[in-house]
Amino acid sequence: MPPNIPLTKRTIALLGGVLLALLAGCGSPGDKAEAPHTKAAAPPPEPDKALAPAGLPGMPPVLDPRDIYAADRPGKLSPAVRGFPSRVYVPNTNSNTVSVIDPATYKVIETIPVGVQPQHVVPSWDMKTLWVNNNRGHTLTPIDPATGVAGKAVEVHDPYNLYFTPNGKYAIVMASLDRELVFRDPHTMRPLKTTPVSCYGVNHADFSADGRYFIVSCEFSGELLKVDTEKMEVIGRQKLPFHGAMPQDVKLSPDGRTFYIADMMAHGMWVLDGDSFVTPGLLPTGKGCHGLYISRDSREMYISNRGEGSISIFDFKQNRLTKKWWLPGGGSPDMGGVSADGKVLWLSGRYNSEVYAIDTATGEQLARIKVGGGPHGLAVYPQPGRYSLGHTGVFR
């Protein structure tokens with residue numbers, strides 16, 4: 001204490017207050033954290049929302065930009081389909097029928113007569129109707145998946161395949177021989193706009209993650225198209241760099257960055273950056289590469305090799321083929337889908353009048369079921385997802 005400051009009672013009181021304040025400032029880190037004036041830590045940012053692409057107007061928002069198939073998890077059925085019986089619908093192109101299989105018994109329980117040359121069974125955008133594409137009969141036959149009853153056929157010219165825009169605004173008929181993309185009312189199928197194409201055999205398609213464009217395969221001229229969804233116009237076209245190329249099924253990777261296009265004559269998948277639409281590279285898979293199907297956990301893709309009776313497995317994270325399953329006794333695995341629980345891959349046997357059920361854990365053939373002639377684009381129904389983009393069931 002300096003000698004010129006008198007030690008009074010008031011001075012002692014002031015010194016005591018200062019001492020107490022100093023002691024309070026020497027508490028533990030835990031004491032500091034609990035102080036009333038301490039500011040709470042800011043919550044972590046939500047990267048998924050920040051990264052989600054701005055979608056096509058009216059399109060349901062992307063659930064997870066890292067996985068566009070996030071809504072397709074095992075058993076995650078929409079209320080719209082939850083009460084539907086589990087069935088496999090098989091269009092028999094040469095028999096003009098649809099075989100209906102009970103997947104619990106692996107038995108055909110019904111055969112439905114339809115139009116001429118049915119190619120694919122396609123779930124509608126709202127998932128309430130299955131449309132049978134009677135290609136040479138120039139009709140679509142609706143089937144009610146709640147009852148399995150077929151309704152009155154609707155006149156639609158050259159419906160080889162059928163898709164729906166991600167916002168549900170249009171149905172898109174792939175008029176293969178007419179060389180047209182026909183945008184129609186998704187319920188009545190009334191034509192709204194016809195887009196002529198210069199390639200031959202418009203066939204299969206898939207949409208970008210934001211739904212603003214889609215990639216189309218042209219089977220008979222070995223080409224790819226890029227189409228603006230909202231404008232309904234072709235904005236890109238390229239010839240595949242393989243003599244005699246015959247592109248088939250198209251599928252987008254879970255992260256939305258890459259399109260894969262099966263090619264039955266190049267015997268592999270074309271790997272395409274859809275945004276830049278530059279010349280794709282080829283990944284050999286097997287003879288007659290044809291159908292592409294995503295696993296329920298979005299980790300793998302099942303690739304049917306129709307010309308050799310095998311299924312190749314592509315791992316997205318490893319970016320490579322990891323396995324190959326062979327059908328015992330051979331076969332012609334073509335188009336199909338994955339069961340709602342993800343445990344069974346169903347594929348039509350195009351040249352063998354049969355359907356294959358394959359265990360997705362082991363690759364073992366569970367059943368080989370006789371159906372009509374020329375079975376093609378079968379639909380496993382119902383499946384998880386919020387809405388259908390078409391084909392044999394592309395759900396998001």
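Student: How do the residues of the lining of the largest cavity divide into nonpolar, polar and charged?

Tutor: There are seven nonpolar, six polar and three charged residues in that lining. (Ala, Val, Leu, Ile, Met, Phe, Trp, Tyr, Cys and Pro count as nonpolar, Asp, Glu, Lys and Arg as charged, and the others, Gly among them, as polar.) Keep in mind that this is a predicted model, where local features need pLDDT of at least 70 and side-chain atom pairs pLDDT 80 or more, while totals for chains, interfaces and linings use all residues. Residues are numbered from 1 along each chain as its sequence is written, and side-chain values use heavy atoms, leaving out hydrogens and water.

Student: OK, what volume does the largest cavity have?

Tutor: Its volume is about 180 Å³. Of its 16 lining residues, Ile-294, Arg-296, Gln-383, Gly-393 and Val-394 are the closest to the centre. (A cavity is a set of points on a 1 Å grid over the protein atoms alone where a 1.4 Å probe fits but cannot get out, and lining residues have an atom within 4 Å of a point. Points are joined across faces, edges and corners, and the volume is the space filled by probe spheres set on them.)

Student: Which element gives the largest share of that lining?

Tutor: That's β25, with three residues.

Student: Switching topic: how much of strand β19 is buried?

Tutor: Four of the five residues in β19 (268-272) are buried, so the strand is mostly covered. (Buried means under 20% relative accessible area, exposed over 50%, partly exposed in between, with a 1.4 Å probe and protein chains only. Strands are DSSP runs of E, at least two residues, numbered from the N terminus.)

Student: And what does β18 do with β19, in which sense do they pair?

Tutor: β18 (residues 259-263) and β19 pair in the antiparallel sense over five bridges, and Ala-262 has Met-269 as its bridge partner in β19. (Two strands pair if DSSP finds at least two bridges between them.) The hairpin of β18 and β19 has four residues between the strands, and His-267 there takes a positive phi near 60°.

Student: How many bridges join β19 to β20?

Tutor: Four, and these strands run antiparallel, with β20 at residues 281-284. In β20, Gly-281 is the bridge partner of Val-271.

Student: What about Glu-300, buried or exposed?

Tutor: Glu-300 is buried, with a relative accessible area of 16%. This residue is found in β22 (residues 300-305). Leaving out residues up to four places away in sequence, Glu-300 touches several others, including Tyr-293, Phe-314 and Lys-323 (contact means heavy atoms within 4.5 Å).

Student: Last one: which peptide bond is cis?

Tutor: The bond from Tyr-381 to Pro-382 is cis, with omega near -5°. Pro-382 lies in the segment after β29 (379-381).

Notes:
1 Å grid on protein atoms, 1.4 Å probe; cavity = no way out; pocket = protein on both sides within 12 Å on 5 of 7 lines; lining within 4 Å.
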